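Please look over the two chains shown below together with the numbered remarks that follow.

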Amino acid sequence: MKLHSFLKYLAFIELIFFDLHAYSQQESENTMFKLAKEFSPTTLSQEQQRAEFEWFKNASKPFKGKKIIVVSELIDTHAYESNVIAKLFSELTGIEVTHEITGEDDVVKKIEAQVRTGIHLYDAYISDSDLIGWHYRSGKIHNLTDFMVTNGKSVTLPTLDIDDFVGKSFTTAPDGKLYQLPDQQFANLYWYRKDWFDRLDFQAKFKNIYGYKLDVPKNWSAYEDIAEFFTVHVENIDGKKVYGHMDYGKKNPSLGWRFSDAWFSMAGAGDKGLPGGKPIDDWGIRVEGCNPVGASVERGGDMNGAAAAYSINKFIEWLNKYAPPEAKQMDFNTSGTVAGNGHIAQQIFWYTAFTAALSKPGLPVTNADGTPRWRVAPSPRGAYWKAGMKLGYQDVGSWTLVKGTPTENLKAAWLYAQFTVSKSVSLKKTLIGLTPIRESDINSKAMTEAAPKLGGLIEFYRSPARKLWTPTYTNVPDYPHMAPLWWKNIGAAVRGETTVQNALDIMASQTDEVMANLQAKGMTKCPPILNPKKPLSFWYAKKTAPFPKLSNEKPKGETQSYENSIEGSW
Amino acid sequence: MKNPKGRRKAMKIVLRVLGSLSFCFAASANENVFTLAFSSNPPFAYEDSQTYEGIAVKAIRELFKRSKLKSQFQMKPLIRSLKDAKYINYSCAFPVQRSQNIESEYQWISPIFVTTSSLYALKDSKIKIKSLIDAKDLEVGALLGNGDAEYLKSFGFTKVSEVVNQEQNIGKLNLKRIEIWATDIISAQYFTKNSKYQKIQELFVFRKSLGSLACNNQIPKVEIDKLQKNLDLMIQDGSWAKLTTGSF
């Protein structure tokens, strides 16, 4: 009887175990089904995608139940990550993720605080690759090349395929190591109302006033003429006041990156060279070897040179004359979607991060069939620009791991980071946020099908010319402490509190001061070594930037067809 | 006076008095006193038996002592503190959650402390939150003027009710007039520790903030830099952690 009871007991336990196991298997299958459904389409086959999900599940086992917190800026892509991807990752792996989204300047402040103080704030950051110069010099950021083959080997996805990332070169430092893993990319392009530009009545009127065709501007002179045309000469379309320009001018950290995001090089400041001008980049910082040597023209930089002054003068003039009055009180977030209201003819500095917002059906800028009435095209160049220079800015928000983060948290965060950019997830994420990072996604059938509704965005990313749109590169040795100098100083000029030249002179001098402090304190690699001050004639004789002021900063306006602009520049 | 010795003595006295007076004037002309304003927000800053206490007060008191800068604390409403710090020289407000929207309005010394904000519910609540968006339609209680309330509202939360003190939030949570309480971990621990109310559970961490000292833009940069440098030293030597770890 005792044996009989024992056997019954054993059978009962086995039955429970079998039920629990079957339940667990069913739960796992449900999760896999949910992931496959959400992350469709993908460039992987179903089997390949399933294999990646299984890999993440197994690799995460040691971290099940762990809570991690990561942070990124607020754009559609990261909202999707925070609200959807993080939840599904948690369900798959058991790692609980808080993906905080906040202002970009807040992200910079927080990573700076963590690096400076050693206080463990976040387990990983999506930090712009603009900070690469600081990241690789500070010695406080894990270089991923080494991490992936040492401490991070067991938690690095075998099918990550780094070469598939189109922004890989932007997050690779002069030492050849990858310091950040791209999570999203967006460019700053020229945006315009093609339907208005194609109107025969506007074509005739423009030609009559300016003597050339109304079309995609090739240079700043044409952009200015078109801005004046719509604001002053057209004035109203269908009873609505229209403007030939849109921008933002609020005193706010985002005003800083309005300029440091390559505005100087769009004007033609700095030197030729990609991803950044050599020896002078789009911040106007001169580098010799790998050492920054000066920002002010007296030290061989171009931050307060003639081209930089021209760029700010034009910004202020256009903001005051041709943009909606409320633009002066707008910032990056509030201004990005204004063009979608239907009263803006063109915008020279438009972040493609807002493409999704301007592609929604029912907007004044969208046709009934969902295709846009607008296009993005190559940015017009300023009077100082020369072939071989970068033509615009590209933002590359990238996963960044800070040294000193507890190892288990770091590994769990690295798993989440890779999940968000894996081929299993990336194409769906790109279709939601329109910030592509993988060559395979850009060339996919799904992107081809989406292209007609995206105003030229896919064509840009498929062209070799996208290499002319680059982030801030390695010439900037301390982005967090140098970036505020832009909005503080140029902002004063925008508000009329000082002249443009004075603002730039102070900004360049303060930038040199920051570099002098870094030189004195030391950096682990390639610290600044400031040049002594020399007269301008010394630097002009070198035939690199800085260059003297042009006698004519407004040559005749030139335009080209949209089709030519795509073929010619990208 | 006909007595020369007496004349000399009198002269010495006059000169000494004049010297002391000029020294006093010189000293008061060069010594600016920082006004450090805060609104009652235990356990960070509050008044207790006519003295000012709290995690942030302790940290700042030590910071100014190390920086050898004169200061006086003042308790006033949050909005007034921020306004004074914005417009009056040598005025600062704390603790202020540093954010992009107000970055340009002050000079900052940061971090005075770090907060982790979470969503809390009663212990027996069945609410499950796996991302912030899951909580969007819930009735949320938060502290008036607190960065957490503004953060949630910026993400489309429409049912955020703000109150002037955290005791009200605890009470409302227990009376089920709100479903969740958005606050930082330190406040949650402080207000529930000896509370007569039901225990709470943390549902979801949603953000971190750098509690900072927000100071007037006219204050010379050299003094702001001195304060920041000394704060960094306090962090390095461990005294900051001791002062800002709440133990109640």
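1. A salt bridge is taken here as a side-chain nitrogen of Lys or Arg within 4 Å of a carboxyl oxygen of Asp or Glu. The model is a predicted one, in which local features need pLDDT of at least 70 and side-chain atom pairs count only at pLDDT 80 or more, whereas totals for chains, interfaces and linings use all residues; side-chain values use heavy atoms, with hydrogens and water left out. Residues are numbered from 1 along each chain as its sequence is written, while chains are lettered from A and ligands numbered from 1 in the order in which they are written.

2. By that rule, a search of the whole structure finds 47 salt bridges over all chains. One of them joins the side chains of A:Glu38 and A:Lys428, at 3.2 Å from N to O. This pair links distant parts of the chain, with A:Glu38 in helix H1 (residues 2-38) of chain A and A:Lys428 in helix H15 of chain A, 390 residues apart. Helices (H or I, at least four residues) and strands (E, at least two) are DSSP runs, numbered from the N terminus.

3. How many residues of chain B are in contact with chain A? With contact meaning heavy atoms within 4.5 Å, 25 residues of chain B touch 30 residues of chain A. The two chains bury about 2,300 Å² between them, 57% of it on carbon and sulfur atoms, where buried area is the accessible area (1.4 Å probe) that two parts lose on being put together, summed over both. On the chain B side, B:Gln100, B:Ser104 and B:Lys208 lose the most area to chain A, together 31% of what that side buries.

4. Across this interface the rule finds four salt bridges; the side chains of A:Lys87 and B:Asp134 meet in a salt bridge at 2.7 Å, N to O.

5. Strand S6 (107-122), strand S10 (200-215) and helix H7 (221-236) of chain B each supply at least two residues of the side that touches chain A, and the largest share, eight residues, comes from S10(B). By class, that side of chain B has 11 nonpolar, six polar and eight charged residues, with Ala, Val, Leu, Ile, Met, Phe, Trp, Tyr, Cys and Pro counted as nonpolar, Asp, Glu, Lys and Arg as charged, and the others, Gly among them, as polar.

6. Grid points are joined across faces, edges and corners, and a volume is the space filled by probe spheres set on the points.

7. Seven cavities of 30 Å³ or more are found in the whole structure, and the largest cavity holds about 90 Å³. Of the 13 residues that line the largest cavity, A:Asp105, A:Pro253, A:Trp257, A:Tyr479 and A:Ala483 are the closest to its centre. H19(A) gives the most to this lining, with five residues. The second largest cavity, of about 70 Å³, has A:Trp257 and A:Tyr479 among its lining residues; its lining divides into six nonpolar, no polar and six charged residues.

8. The largest pocket contains about 1,900 Å³ of space. Of its 44 lining residues, the closest to its centre are A:His481, A:Val514, B:Lys221, B:Asp225 and B:Gln228. H19(A) gives the most to the lining of this pocket, with eight residues, and the classes are 14 nonpolar, 12 polar and 18 charged.

9. Some backbone details deserve a check. The peptide bond from A:Leu274 to A:Pro275 is cis, with omega near 0°, and A:Pro275 is found in the loop between helix H11 (263-267) and strand S8 (286-288) of chain A. The bond from B:Ser110 to B:Pro111 is cis, with omega near 0°, and B:Pro111 lies in strand S6 of chain B.

Definitions and conventions. 1 Å grid on protein atoms, 1.4 Å probe; cavity = no way out; pocket = protein on both sides within 12 Å on 5 of 7 lines; lining within 4 Å.
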